[in-house]
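Subject: Structure handover

Hello,

Please find the structure below, with notes on what turned up in it. They are grouped by topic.

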Protein chains: 2
Amino acid sequence: MIQELKANYGHLFEDALLQEINEVGLFKEVPEDFTLMEVGSYVKSMPLLIHGVIKILREDKEGDELLLYFLEKGDTCAMTLSCCLGQSKSEIKAISETDAKLIMIPIQKMEEWTSKYKSWRNFVFDSYHNRFMEMLDTIDKIAFLKMDERLFTYLTEKAKVTKDNIISATHQEIAYDLHTSRVVISRLLKALEKERKIELHRNRIVLLPQ
Amino acid sequence: MIQELKANYGHLFEDALLQEINEVGLFKEVPEDFTLMEVGSYVKSMPLLIHGVIKILREDKEGDELLLYFLEKGDTCAMTLSCCLGQSKSEIKAISETDAKLIMIPIQKMEEWTSKYKSWRNFVFDSYHNRFMEMLDTIDKIAFLKMDERLFTYLTEKAKVTKDNIISATHQEIAYDLHTSRVVISRLLKALEKERKIELHRNRIVLLPQ
DNA sequence: TTTACTCTGTAACAAAAGTTGCGCAGCGTT
DNA sequence: AACGCTGCGCAACTTTTGTTACAGAGTAAA
């Protein structure tokens, strides 16, 4: 584990902290589409993402979903931070978008490290900052963009995080992420295809270079 | 100043910290509708809200606005925190909803206190947590609610923070906060009046007890 | 009082998004 | 090949939201 830890967090944390992480951290490997966290579940540990992509979703009482943002390697989940420190339940859902590798840190260590390591404190603050910016970005998108623009940004961002111009998803899955209906997505995808921005296939969308 | 500081933050901070705040903090009193922060402005100090209500807005390139949430006494602005620590420009706009009293803390002190005082650290983390929850709430509202529900929640929340069932605002002002058009607001307000949830007057909306 | 301005109500229309229903193509299973 | 399932396309329609235009009410200043 130590190599992967160093590769991703070596520039952030001092050696003593890396050592501690290595001792208490639990290495975890999950396949694609694995539910890492459910709404309402208690948070017992905080994940450091080493490899892969995690998508963070919001869910309302009716079970409607909305994609908030993607986490990539080097990221951690601000909600977990927030919940650990606030001792509360998770307000979000986390699902692996690809297979992923994580290091799980027991929450007791978090407070300890916050006083002990300046680099850890900075990491936590930075994470909050980054997630805060992502949230603003998400709000911008739902508030200021129309569905066709949201859809296209969704596709490009998904291509970006997975580093693949081919998006493997059904129209229904995309509709869930954007909180709309399958028909609407099909309609708008068709329009994007007519504009020669994408190519449509079964279970697969190809982003065309502009 | 020390009394107002103690009254609002005494239970949070230890005496030594209160003393420091009292020494370096700048007391500031602003009237209603005063712009405390513009998008793109540099953040030089962090506000602790002592009295009044501040509304936090998001603005896009076209100048379209959207209300994010209200800050009340005991709150601080997470964006300021985030910007101070990240050394960046403000991404939001802050306007006093009522007249307000604040204590402005120079940003240099923030880092210092973060290592020095556990209570300060907790305050900062709690603020992040609270703001994070507010953001989720805002996202829920724009993503999952229709405009009529958003309007009604807006009115009840505004009544709650100002502690007044009479809301003094024009339809246009409400439209700006909810990022829609005046006509839409007028239409929906009329419907709410027909449902006997509100009473409409010029420049004034009365929330009726249910 | 007259004037000017702001705020609100309403109609008529346009655009965007959501809904329903159905047909068919692709694909794996039997 | 026949069957069944899922994914997609499409038409027709409804609802919601946004736009434009205008009239009248309320208010303040001249």
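Before the rest, some conventions. This is a predicted model, in which local features need pLDDT of at least 70 and side-chain atom pairs count only at pLDDT 80 or more, while totals for chains, interfaces and linings use all residues. Residues are numbered from 1 along each chain as its sequence is written, and chains are lettered from A and ligands numbered from 1 in the order in which they are written.

Two or more residues each come from α7 (171-178) and α8 (182-194) of chain A, and from α6 (147-162) and α8 (182-194) of chain B. Helices (H or I, at least four residues) and strands (E, at least two) are DSSP runs, numbered from the N terminus. The most is given by α8(A), with 4 residues. By type, the surface near DNA strand D has 6 nonpolar, 7 polar and 5 charged residues. Here Ala, Val, Leu, Ile, Met, Phe, Trp, Tyr, Cys and Pro count as nonpolar, Asp, Glu, Lys and Arg as charged, and the others, Gly among them, as polar.

Contact between chains A and B

Chain B and chain A each put 26 residues into the contact (C-beta atoms, placed from the backbone, within 7 Å). On the chain B side, α3 (78-86), α4 (107-116) and α5 (118-144) each supply at least two residues, and α5(B) gives the most, with 14. That side divides into 12 nonpolar, 7 polar and 7 charged residues.

Sheet in chain B

An open antiparallel sheet of 4 strands runs in the order β2-β6-β4-β5; strands pair if DSSP finds at least two bridges between them. β2 (35-37) and β5 (65-71) each have a single partner strand, so one side of each is left without a neighbour in the sheet. Within the sheet, β4 (residues 54-59) and β6 (residues 93-96) pair over 4 bridges, and B:K55 has B:I95 as its bridge partner.

Positive phi in chain A

A:H179, in the loop between α7 and α8, has phi near 55°. A:N203, in the loop between β9 (198-201) and β10 (204-207), has phi near 65°. Both values are positive in a residue other than glycine.

Regards

Conventions:
Contact = placed C-beta atoms within 7 Å.
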